[in-house]
Amino acid sequence: MGKNSVSIGVDVGGTYTKIAILGKNGKILEKKQVPTQSSLGPKDFVSRIAMTILEMEKSLKLRAEGFGLALAGAVDPVSGKILFAPNLKGWPNFDFKKAFSKEIGSRNFIVENDANAAVWGCYVLDFKRKGENFLGLTLGTGVGGGIVCQGKLYRGSAGSAGEIGHMRVAVGGELCHCGSRGCLEAYAGGYGIINTARRMLAESPDKGRILLSLCAEPSALEPRHLSEAAQMGDVLSQEVWAVTARYLAAGIASLVMIFNPDGISLLGGVSAAGRHLMDPLKKELAQEPFKLPFSRAKLRMTENADFGCIGAALLALEN
Ligand SMILES: [Zn+2]
């Protein structure tokens, strides 16, 4: 990446789309958020985003060289088209590169999976490329992931690599949103964690008194309640995080054995659980008998809601 390169990162979310313009060293110069309104179709989306980008560039008095678009789905890095995006109906096979260049002129354009983009942003800005092999897990309602192999994002043959959330950690286990059973996401995704909490609350409600005082009823439970209650000494919430850590450890142990990475970062909202998740997780991993790869892999938790935008913008400047 050239020292004076400026790049645009667009991170398409279910409700909102974030647009950031990055300057030197990945610093955000300006940031905006607009409603995604994916049902209006990709053409409408492109013209709204393009208009915002041109306004932002005008106020900054610059023209960005790169442009990275990140969204949930599988993408073809060669054509830049979306191959599969269950939440963006009618978007696959649309030529974003052509549509955007019509509106804002030709740029170094890429389309990337949003978790891959976020992990790349974390690899460059947070991990600071200390090592060539790096894994990131995005822990939200679902669990996403990204794999950096020998300094490059690993995309796989069909562009769908890095679906760490759908790694099997329990044979015939809990039902995952993907339709399969026993995926890591079914235990470490937001809804999986809540399922664990509800089950444990039904067994021993007394242990979760602080938790229950934070939310009106078990049906309104969210992971943030579990983080807060654990912090306040709620025994049940602390146990829920320990159970979550056990499944995460199983997934991470497999990844460490396969990839022998320099670092693994956990990103996303669940990081609010802090030491209540990290302590049992580190304890589990410390018990692994094959010490070498585990001592090498630095495990950390980090949160920056802009990693998706940042990573997309940085990736656009990589080629
Ligand atoms: Zn799954």
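Me: Buried is under 20% relative accessible area, exposed is over 50%, and partly exposed is in between (1.4 Å probe, protein chains only). So which class does Cys178 get?

Reply: Partly exposed, because its relative accessibility is 45%. Bear in mind that this is a predicted model, where local features need pLDDT of at least 70 and side-chain atom pairs count only at pLDDT 80 or more, while totals for chains, interfaces and linings use all residues. Residues are numbered from 1 along each chain as its sequence is written, and side-chain values use heavy atoms, with hydrogens and water left out.

Me: OK. What coordinates the zinc ion?

Reply: His166 through ND1, plus the SG atoms of Cys176, Cys178 and Cys183, at 2.0 to 2.4 Å. Donors here are N, O and S atoms within 2.8 Å of the metal (3.2 Å for Na, K and Ca), and water is not among the atoms, so sites may look incomplete.

Me: What spacing do those donors follow along the chain?

Reply: H-x9-C-x1-C-x4-C.

Me: And what's the geometry of the zinc site?

Reply: Tetrahedral, with angles of 104 to 120 degrees among the four donor atoms. For four donors, that label needs all angles between 85 and 135 degrees.

Me: Back to accessibility: is Cys183 buried or exposed?

Reply: Buried, because its relative accessible area is 0%. Cys176 is buried as well, at 4%.

Me: How many disulfides does the structure hold?

Reply: Zero, where a disulfide is a pair of cysteine sulfur atoms within 2.5 Å. Take Cys149: the nearest cysteine sulfur belongs to Cys122 and is 16 Å away. Cys149 is partly exposed, at 30% relative accessible area.

Me: Switching topic, where is Asn93?

Reply: In the loop between β6 (82-84) and α2 (96-104). Helices are DSSP runs of H or I with at least four residues, strands are runs of E with at least two, and both are numbered from the N terminus. Asn93 is not a glycine, yet its phi is positive, about 75 degrees. Asn93 is also exposed, because its relative accessible area is 56%.

Definitions and conventions
Tetrahedral: all angles 85-135°; square planar, octahedral: opposite > 155°, others 65-115°.
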